[in-house]
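Please look through the sequence and the structure shown here.

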Amino acid sequence: MNPNDEVMSGGMFSEDDLIYSYTRAQALADGVLIDVTAHAQRGGIKYPTACTAGVWALIDCLPKRDADELAGIVRDVRADEVMRAMLTAIRAARGNTDRVAFSALGAALNAVCGPGDTAAPVITIMRQGED
């Protein structure tokens with residue numbers, strides 16, 4: 001028997017030896033992820049959806065002079081653009097993947113569907129290279 005077999009099979013490190021865990025709920029509370037579920041639902045997406053702070057920076061990018069009057073309107077339009085582009089990519093994939101690539105707001109983005117904190121499906125939208 002190879003001496004590394006015990007290490008590789010969990011003898012030295014097992015799942016019970018978890019050193020650190022960072023949940024989706026913590027990422028949302030910390031601002032690492034931003035909940036965009038309401039925008040996603042308006043577009044017909046049924047799973048809880050969040051985007052990274054990097055994607056949110058694209059959505060929430062407003063000129064200083066427009067910040068007061070148009071902030072909510074522009075933010076909604078930009079978020080809806082991301083959701084429409086994501087939904088188009090999801091439909092084109094026809095359920096054959098848990099990840100789609102798409103472009104919106106002049107950026108290359110990815111959306112990943114996977115288990116959230118409770119193992120229920122969630123979607124995370126990120127800029128390429130953020131995963």
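Residues 24 or more positions apart account for 40% of the contacts in the protein chain with a separation of 6 or more, a contact being heavy atoms within 4.5 Å. Of the 131 residues of the chain, 32% count as buried; buried means under 20% relative accessible area, exposed means over 50%, and partly exposed lies in between (1.4 Å probe, protein chains only).

The model is a predicted one, in which local features need pLDDT of at least 70 and side-chain atom pairs count only at pLDDT 80 or more, while totals for chains, interfaces and linings use all residues. Residues are numbered from 1 along each chain as its sequence is written, and side-chain values use heavy atoms, with hydrogens and water left out. The pLDDT is the predictor's confidence in each residue, from 0 to 100. Its average over the protein chain is 85, and 80% of the residues score at least 70. Confidence is lowest in helix H1 (residues 4–8), with a mean of 47, and highest in strand E2 (residues 49–52), with 97. Over residues 1–8 the pLDDT is below 50, and this stretch has four contacts in the model beyond near neighbours in sequence.

The secondary structure of the chain consists of five helices and five strands. Helices (H or I, at least four residues) and strands (E, at least two) are DSSP runs, numbered from the N terminus. Read from the N terminus on, the order of the elements is α-α-β-α-β-α-α-β-β-β.

How are the strands arranged in the sheet? Five strands form an open sheet in the order E1-E2-E5-E4-E3, with mixed pairing. Strand E1 (33–35) and E3 stand at the edges with a single partner strand each, so one side of each has no neighbour in the sheet. From one strand to the next, the twist averages 30 degrees; axes are lines fitted to C-alpha atoms, for helices over the stretch in contact, and angles run from 0 to 180 degrees between N-to-C directions. Two strands pair if DSSP finds at least two bridges between them. E2 and E5 run parallel and are joined by three bridges. Alanine 50 has threonine 124, in E5, as its bridge partner.

Next comes the nonpolar interior. In soluble globular proteins, nonpolar side chains tend to be buried together. A nonpolar core is here a set of buried Ala, Val, Leu, Ile, Met, Phe, Trp, Tyr and Cys residues joined through side-chain atoms within 4.5 Å. The largest such core has 25 residues, and those with the most contacts inside it are Ile59, Val82, Met86, Phe102, Leu109 and Ile125. Two or more residues each come from helix H4 (53–59), helix H5 (67–93), strand E3 (99–104), strand E4 (107–115) and strand E5 (121–127). H5 gives the most, with eight residues. Not counting residues up to four places away in sequence, methionine 86 touches Ile45, Thr49, Phe102, Ala111, Ile123 and Ile125.

Tryptophan 56 is found in helix H4. Leaving aside neighbours within four places in sequence, tryptophan 56 is in contact with Ile34, Val36, Cys51 and Arg75. The C-alpha atoms of tryptophan 56 and aspartate 35 are separated by 9.6 Å, and the two residues are 21 residues apart along the chain.

The charged pairs remain. How many salt bridges does the structure hold? There are three, a salt bridge being a side-chain nitrogen of Lys or Arg within 4 Å of a carboxyl oxygen of Asp or Glu. In one of them, the side chains of arginine 42 and aspartate 80 meet at 3.2 Å, N to O. Arginine 42 lies in helix H3 (residues 37–42) and aspartate 80 in helix H5, so this pair ties together parts that are 38 residues apart in sequence. Arginine 42 is exposed, at 53% relative accessibility, whereas aspartate 80 is partly exposed at 21%.

Another salt bridge joins the side chains of arginine 75 and aspartate 60 (2.5 Å, N to O). Since arginine 75 lies in helix H5 and aspartate 60 in the loop between H4 and H5, the pair ties together parts 15 residues apart in sequence. Arginine 75 is partly exposed, with a relative accessible area of 24%, and aspartate 60 is partly exposed, with 29%.

Arginine 99 forms a salt bridge with aspartate 131, and their closest N and O atoms are 2.8 Å apart. Arginine 99 lies in strand E3 and aspartate 131 in the segment after E5, so parts 32 residues apart in sequence are tied together. Aspartate 131 counts as exposed at 61% relative accessibility, while arginine 99 counts as partly exposed at 35%.
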